[in-house]
Each structure stands twice: as C-alpha cells, then as structure tokens.
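Student: Could you take me closely through the aromatic pairs of this protein and the strand around which they gather? I would like the cut-offs spelled out as you go.

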Amino acid sequence: MNDFLCPKCREHIRVGDNIIFKVKNSRKQSGILLLSSQIGNYTSIKHPSFEIRNGEYLEFFCPLCNAPLMSDIHKNLARLILNDEKGKNTDVYFSQIVGEQSTFETDGESVHVAGADAGKYTYFKIGEQFKKYF
Ligand SMILES: [Zn+2]
C-alpha cells in the first residue's frame with residue numbers, strides 16, 4: 001500500500017485507506033477531510049456539520065504540522081509525497097477545488113494523470129518544471 005507524506009514535516013498522513021487532511025473552506029471554517037488513498041478514487045469523508053460546496057476552493061493543510069499543502073505549480077493543486085511499496089518517492093498533485101477530479105503523479109520524468117478534470121490544468125500556465133510533460 002502506498003504511503004503519503006507531508007512535503008514539509010515528512011510525517012505519515014495516510015491512516016488505513018484514507019489520507020487525513022485539515023482543510024479550510026471559503027468561509028474560513030476548518031474541518032477534517034479524509035480522501036481515499038487510491039489515486040483516481042475521489043471519495044471523501046467528513047463530519048456533516050462541516051459544510052463544503054461543489055466548486056468551492058479548499059485550503060488543504062497537513063494535520064500534523066499545519067503546513068499549507070498548496071503546490072508551487074498552481075494554486076488549485078496541492079502536493080503530497082507518495083512513498084510506494086518499493087520505497088520510491090514521487091510527487092502527487094491533486095485539485096483543492098471540491099468536486100474537481102484531477103490528480104497528477106510524477107517522478108520528475110514521467111507523469112501519470114488521473115481524473116475526469118485533469119485536462120483543465122494542461123491549459124494553465126503551470127510552471128516550467130511541469131509544462132514540459134504536456
Ligand atoms: Zn506536515
């Protein structure tokens with residue numbers, strides 16, 4: 001099973017089948033959000049009292065060190081480190097927009113793309129380090 005690490009503190013934030021996040025919605029309310037650790041599975045779990053709306057921008061934070069996970073590639077994309085069963089680290093980018101299904105996994109040489117909305121980011125100016133893949 002893949003492990004997911006915070007890029008800042010490098011601690012484990014996958015527990016069981018879920019990755020644990022602290023998120024802040026556009027009304028500045030904070031909550032805990034669980035996302036599936038399977039890439040391409042966009043199931044999420046949260047408490048019903050924490051309201052998120054489709055299309056809303058969420059800020060994702062590490063639940064352990066509180067670092068914002070926003071990537072330097074695009075403000076809509078958060079970044080995590082994926083540590084696979086062989087111990088290889090890759091970067092995983094996913095959309096912070098509620099309901100937007102786009103995930104990119106890259107080892108710096110190749111990119112694996114998942115999600116129905118992933119194509120959206122190929123049209124953005126997403127920084128030189130990533131642009132060469134599209
Ligand atoms: Zn952290």
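Tutor: Two rings of Phe, Tyr or Trp (its six-membered ring) are taken as a pair if their centres lie within 6.5 Å, with planes under 30 degrees apart counted as stacked, over 60 as edge-to-face and the rest as tilted. The model is a predicted one, in which local features need pLDDT of at least 70 and side-chain atom pairs count only at pLDDT 80 or more, while totals for chains, interfaces and linings use all residues. Residues are numbered from 1 along each chain as its sequence is written, and side-chain values use heavy atoms, with hydrogens and water left out.

Searching the whole structure gives three aromatic pairs. One of them joins Phe21 and Phe94 in a tilted arrangement, 5.5 Å centre to centre and with 50° between the planes. This pair links distant parts of the chain, since Phe21 belongs to strand E3 (residues 18-24) and Phe94 to strand E8 (residues 89-95), 73 residues apart; strands (E, at least two residues) and helices (H or I, at least four) are DSSP runs numbered from the N terminus. Phe21 and Phe94 are both buried, where buried means under 20% relative accessible area, exposed over 50% and partly exposed in between (1.4 Å probe, protein chains only). Phe94 also pairs with Phe60, and because the ring centres are 5.1 Å apart with the planes at 80°, this pair is edge-to-face. Here too distant parts of the chain are linked, with Phe60 in strand E6 (residues 59-61) and Phe94 in E8, 34 residues apart. Phe60 has a relative accessibility of 3% and therefore counts as buried, and Phe94 is buried with a relative accessible area of 8%.

Strand E8, which carries Phe94, is mostly covered, five of its seven residues being buried. E8 pairs with E7 in the antiparallel sense over seven bridges, two strands being paired if DSSP finds at least two bridges between them. Within this pairing Phe94 of E8 is the bridge partner of Ala78. The hairpin of E7 and E8 has five residues between the strands, and there Gly87 takes a positive phi near 85°. E8 is also joined to strand E9 (residues 103-106) by four bridges, the two running antiparallel, and Val92 stands opposite Glu105 in E9.

Ala78 leads on to Ser71, whose contacts (heavy atoms within 4.5 Å) include Leu77, Ala78, Arg79 and Tyr93, not counting residues up to four places away in sequence. Ser71 lies in the loop between E6 and strand E7 (77-83), and at 6% relative accessibility Ser71 counts as buried. A polar contact is a pair of N or O atoms within 3.5 Å; within protein, one must be able to donate a hydrogen and the other to accept it, and residues adjacent in sequence count only if both atoms are side-chain atoms. The side chain of Ser71 reaches the backbone oxygen of His74 at 3.0 Å and the backbone nitrogen of Ile73 at 3.4 Å.

As for the setting, the protein has one helix and ten strands, and 40% of its 134 residues count as buried.
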